[in-house]
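Hi,

Here is the model I promised to pass on.

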Amino acid sequence: MLCLDSDDAGIAAVERLCSGSFLMNAARSHSVQFLVASLPSGMKDPGDFIEMRRSKNKDNREIAEGFRKDVISRATDWSDWYLANVLDSYDKNAAREAVGKL
């Protein structure tokens, strides 16, 4: 499970892992599944999740259960995450403007 910071550097780190051959080779040769977990909006890193819950007087068990429910259970396969991320970065207007202009 990959759950890095949700800032540009964290996203770039996950992209580097996904774009290389390491995850694919490891998944194939060791029969493991790699997932990417995204944090809820407004949270930079897993520590923010813990601190926010702790500030609401939640105990460690509630915090852990919340993390499982709000982060881990929504994790996606690394290849699906990477494809969605690449497609999201694609400028749809660029393709529309280029149609018929060779």
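One definition before the notes: a residue is called buried under 20% relative accessible area, exposed over 50%, and partly exposed in between, with a 1.4 Å probe and protein chains only. The model is predicted, so local features need pLDDT of at least 70 and side-chain atom pairs count only at pLDDT 80 or more, while totals for chains, interfaces and linings use all residues. Residues are numbered from 1 along each chain as its sequence is written, and side-chain values use heavy atoms, with hydrogens and water left out.

Overall layout

The chain has six helices and two strands (DSSP runs numbered from the N terminus: H or I of at least four residues for helices, E of at least two for strands). From the N terminus on, the order is α-α-β-α-α-β-α-α. Of the 102 residues, 23% count as buried. Taking contact as heavy atoms within 4.5 Å, residues 24 or more positions apart account for 63% of the contacts with a separation of 6 or more. The chain exposes about 7300 Å², and carbon and sulfur atoms supply 54% of that (Shrake-Rupley areas with a 1.4 Å probe; for residues, only the protein chains shown count as cover).

Cores

In soluble globular proteins, nonpolar side chains tend to be buried together. For this, a nonpolar core is a set of buried Ala, Val, Leu, Ile, Met, Phe, Trp, Tyr and Cys residues joined through side-chain atoms within 4.5 Å. The largest one here has nine residues: L2, V14, C18, L23, A26, F34, V36, W78 and W81. A second, separate core has seven residues, among them A37, L39, M43 and A75.

The largest pocket

A pocket, on a 1 Å grid over the protein atoms alone, is an open set of points where a 1.4 Å probe fits, with protein on both sides within 12 Å along at least five of seven lines; lining residues have an atom within 4 Å of a point. The largest pocket has a volume of about 200 Å³, which is the space filled by probe spheres set on the points, with points joined across faces, edges and corners. Its lining is L4, D5, S6, G10, I11, V14, V36, A37, S38, L39, W81 and N85. The elements giving two or more residues to that lining are α1 (8-19) and α5 (78-89), and α1 gives the most, with three. By type, the lining splits into seven nonpolar, four polar and one charged (Ala, Val, Leu, Ile, Met, Phe, Trp, Tyr, Cys and Pro are nonpolar; Asp, Glu, Lys and Arg charged; the others, Gly among them, polar).

L4, one of the lining residues, sits in the segment before α1 and is partly exposed at 33% relative accessibility. Beyond its neighbours within four places in sequence, L4 contacts G10, A13, V14 and L39. The C-alpha atoms of L4 and K44 are 8.9 Å apart, although the two are 40 residues apart along the chain.

Loops

Which residues does V32 contact, leaving aside its neighbours within four places in sequence? They are A26 and A27. V32 lies in the loop between α2 (22-30) and β1 (35-36) and is partly exposed, with a relative accessible area of 39%. S31 is in the loop between α2 and β1, is exposed at 67%, and has a positive phi of about 50 degrees although it is not a glycine. N57, in the loop between α3 (46-55) and α4 (60-70), has a positive phi of about 60 degrees, again without being a glycine, and N57 is exposed at 72%.

Cheers
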